[in-house]
Amino acid sequence: ISATKDVPLNIPVNLVQNGANELMINATDSAGNRGSNTITISLDNTAPVITNIQPTNPQPIPTPAISARIRDESGIGNATVFIDGQEVFFTNIPSTSKDHDLSFTLTDPLTDQATHTIQIQAQDIHGNRRISETVNFLVDTSLPNLIQQFPIPGSIIKDSTPQLEISLEDEVVISSATLNANSITFNSADKKQFSHQVVISLPEG
């Protein structure tokens, strides 16, 4: 009389690469009969890749759009957005997606005249998780402020070709300015103050 016995096999294995790993199993019984089988086990311990986080430049509104690119070869599970360390957005992503363009617009206004941070966390369908580098951006909704002008507005002068001096103040670099519809450049800048001097010709009156 013979009986078939199922023998559980517990052997630790070292999977050497991400993706498919092939394992060969050989077994010999007490009668010398030898059998073999091949099984394939796939390994995925690679977290999603997060790139192109925006914005990075100063924003003129307190509720800017946030965006990023996420990629994972196995499939993306979900993504979370943190602003200033606080979770502000979470989304589940179809598991068939290997690439995802994350985009949403803040609804709660951010503090004006302040630098803010973005971090994005992405998780794939196998639980591998990555949190991005921190990206900084400035919210600045205020207009440049005229803090000094010479000659003083309303003053009477005798020189028909005076040197006009103006100074503006702003939290960020002033990118452009005009005088009588003509573009001007600032020839000195001190921290948040930007100055310009030019000789102009004035008509009588």
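## Arginine 71 and its two partners

At 34% relative accessibility, arginine 71 counts as partly exposed. The model is predicted, and the values here are computed from it.

Arginine 71 forms a salt bridge with glutamate 73. The closest N and O atoms of that pair are 2.5 Å apart. Arginine 71 also bridges to aspartate 99. Here the closest N and O atoms are 2.4 Å apart.

## Aspartate 99 and arginine 69

Aspartate 99 has a salt bridge with arginine 69 as well, with an N to O distance of 3.6 Å. Arginine 69 belongs to strand E4, which covers residues 65-71, and aspartate 99 belongs to strand E7, which covers residues 99-105, so the pair links parts that are 30 residues apart in sequence.

How accessible are the two side-chain partners? Aspartate 99 comes to 32% relative accessibility, which makes it partly exposed. Arginine 69 comes to 31% and is likewise partly exposed. Both values fall between the 20% cut-off for buried and the 50% cut-off for exposed.

Which residues do the shared partners join? Salt bridges that share partners connect Arg69, Arg71, Glu73, Lys98, Asp99 and Asp101 into one network. The salt-bridge count is five. Among them are the bridges from arginine 71 to glutamate 73, from arginine 71 to aspartate 99, and from arginine 69 to aspartate 99.

## Glutamine 119 in strand E8

Glutamine 119 lies in strand E8, residues 114-124. Is this residue buried, partly exposed or exposed? Its relative accessibility is 25%, so glutamine 119 counts as partly exposed.

What does glutamine 119 touch beyond its neighbours within four places in sequence? Its contacts there are Thr80, Val81, Phe82, Ile131, Ser132, Glu133 and Thr134. With threonine 134 there is also a polar contact, side chain to side chain, at 3.3 Å. Glycine 85 is 34 residues from glutamine 119 in sequence, yet their C-alpha atoms are 7.6 Å apart in space.

Terms used:
Residues numbered from 1 in each chain as written. Predicted model: local features only at pLDDT ≥ 70, side-chain atom pairs only at ≥ 80, totals over all residues. Heavy atoms only, no water. Salt bridge = Lys/Arg side-chain N within 4 Å of Asp/Glu carboxyl O. Helix = DSSP H or I, 4+ residues; strand = E, 2+ residues; numbered from the N terminus. Buried < 20%, exposed > 50% of the residue type's maximum accessible area, 1.4 Å probe, protein only. Contact = heavy atoms within 4.5 Å. Polar contact = N/O pair within 3.5 Å; in protein donor to acceptor, adjacent residues only side chain to side chain.
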